[in-house]
Amino acid sequence: MIFQDFVFYSLASVVIISALGVITLRNPVYSVLLLVLAFVTSSGLWILLEAEFLAIALVVVYVGAVMVLFLFVVMMLDINLDQMREGFWKWFPFGAILAFIMTVEMSMVLMSKQFSSEIIQTPEYKSVDYSNTKELGRLIYTEYVYVFELAAVILLVAMVAAIAITLRHRTDKKSSNASRQIAVSRNERLKVISMPAEKKE
Amino acid sequence: MDSFQPLFEQLFGSEWGVSLFLLAKNLLLILAIIIPLLLAVAYLTFAERKIIAFMQVRVGPNRVTFFGIPWLGGWGQPIADAVKAIMKEIIIPTGANKFLFLLAPILAITPALAAWAVVPFSPELVLADINAALLYILAMTSLGVYGVIIAGWASNSKYAFLGAMRSAAQVISYELAMGFALVCVLMMSSSLNLGDIVAGQQGGSFLNWYMIPLFPMFLVYFISGVAETNRLPFDVAEGESEIVAGFHVDYSGMAFTIFFLAEYANMILVATLASIMFLGGWLPPVDIIPFNLIPGVVWLLLKIAIMLFFFLWFRATFPRYRYDQIMRLGWKVFIPITLIWIVLLGAVMQLPEAALQSFPLNLWF
């Protein structure tokens, strides 16, 4: 066993244990934190594959932004575990069927020829100057530019839709308008009056 | 140091010896960065107290000295504070989640220190000279918020939780503007490596520094940096007058001190990155004889010190922003500015060579 193997197996076991923890632990905050751990460790696995851009993007996007919001929401929920447990056995067969179908689907995909070691070669070791980021950027903006732009537009539409759904125009709300506040001149707010000094009685 | 490699190979075999040697060497190098950093943090707190004291016409700490030397009055203060913090008891509230309560300070300081791995101090002096250094920095600075959120939640206190939520919203908003400002830098330098970014600013004088062509981005980056580190005037996460001390209200002793260390280490990090990316890093302001004899590290430290002085100056000068004003500044002012500047910069960079040359005084494109 060489050093890389040792690193791989330790990272992989952390990923698996934390992923199991995500679905078995009772405290949802612990689950979210373990999911964060799983993300960070799998980015370590990607670095082992010399895919540093993907690894860091995973940390920036998922750990740095998405999971923070997730944690934010989960922390504010007041979850009653007993209530959630109600009707567990009633729904168990349905859930089991879903889980079975998903397992079959995943194994059909992952055990297919596309993922066999004959088709997917071991990645070659690149020279030190090789920049993953540059290559990825070149590919995205030349070969896959339309697909990329399409994905961006879909995301934009989703974002606009999400804002449109939650946006409510309230008339009774009091809010300050910063540009109007800044535009105010002295004469509108302040009046200097001259007052003669009073005599002491 | 490399002479120890055969010893490791003898002890652990040729496969493991090399890896373990690298591990041991890197650990020593990490210590060589972190120990001066922590000392700098300690003396930054001293500098802060002294500078703000002078700005408010006070004297500041002037009692604790070393070996009773009178003109060193005050210089022993950070050491005395550190000793006091170590001796104090860490009180864990009854309702707190003990594990997360103690994990939070660790999560706060780890990214603050880890980001230093890729920071170059001179062309040769860098621990990890990696291609994706800028991305790595962004990743590490985005992790710092976990410490704050978890601290707020695990304390099981209203004030701490309010502080944590404020901080989370604020950090996420300003991260976007910060990232976009850095996008401009990497468009100019066409590299993610911090050493290459500094090398891209070479050219004889401070006019070549990215601060000049990207001046709005420099301001956006630095102000976002202040917001990201929860420093005044954006310190609503602590807001003494509203929520006592925010997310760390229930912390005491060393657990509190670690939050404190993380905040100051982040301040130094933001100052360092601002000097590397916009102020030419280790390059002298004018590349002529008296200036370029001074080693680059000195210039870098000088620039960091100036940026840190701004942090302290802000603290002494500005009143605290209201929460909705912070959000407005982040989303409605900074992000549009950065987006417009990215488009402008891209358009300028795509101009034909002849058009760029015809501009008088064009040093940058």
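Helices (H or I, at least four residues) and strands (E, at least two) are DSSP runs, numbered from the N terminus. With that in hand, look at residues 329–349 of chain B, where the chain is 100% helix and 0% strand and the end C-alpha atoms sit 28 Å apart. This is a predicted model, in which local features need pLDDT of at least 70, side-chain atom pairs count only at pLDDT 80 or more, and totals for chains, interfaces and linings use all residues. Residues are numbered from 1 along each chain as its sequence is written, while chains are lettered from A and ligands numbered from 1 in the order in which they are written.

Residues 99–119 of chain B are 76% helix and 0% strand, with 32 Å between the end C-alpha atoms.

Next, let's see how chain B divides. Its domain assignment (bounds come from an automatic or database assignment) gives domain 1 (13–87) and domain 2 (93–357). Here 18 residues of domain 1 are in contact with 14 residues of domain 2, where contact means that C-beta atoms, placed from the backbone, lie within 7 Å. On the domain 1 side, α1(B) brings the largest share, 15 residues.

Now turn to where the two chains meet. Chain B puts 19 residues into the contact and chain A 18. On chain B's side, α4(B) gives the most, with six residues. By class, that side holds 14 nonpolar, three polar and two charged residues; Ala, Val, Leu, Ile, Met, Phe, Trp, Tyr, Cys and Pro count as nonpolar, Asp, Glu, Lys and Arg as charged, and the others, Gly among them, as polar.

The axes of α3 (residues 52–76) of chain A and α5 (residues 145–154) of chain B come within 11 Å and cross at roughly 5 degrees, the axes being lines fitted to C-alpha atoms over the stretch in contact, with angles running from 0 to 180 degrees between N-to-C directions. The two helices are therefore roughly parallel, a label for angles under 35 degrees. From α3(A), A:V68, A:L71, A:F72 and A:M75 meet B:V145, B:I149 and B:W153 of α5(B).

How many residues of α5(B) are buried? Ten of its ten are, buried meaning that 20 or more other C-beta atoms lie within 10 Å of a residue's own.

Methods
Parallel < 35°, antiparallel > 145°, perpendicular 65-115°, else oblique. Contact = placed C-beta atoms within 7 Å. Buried ≥ 20, exposed ≤ 12 C-beta atoms within 10 Å, placed from the backbone.
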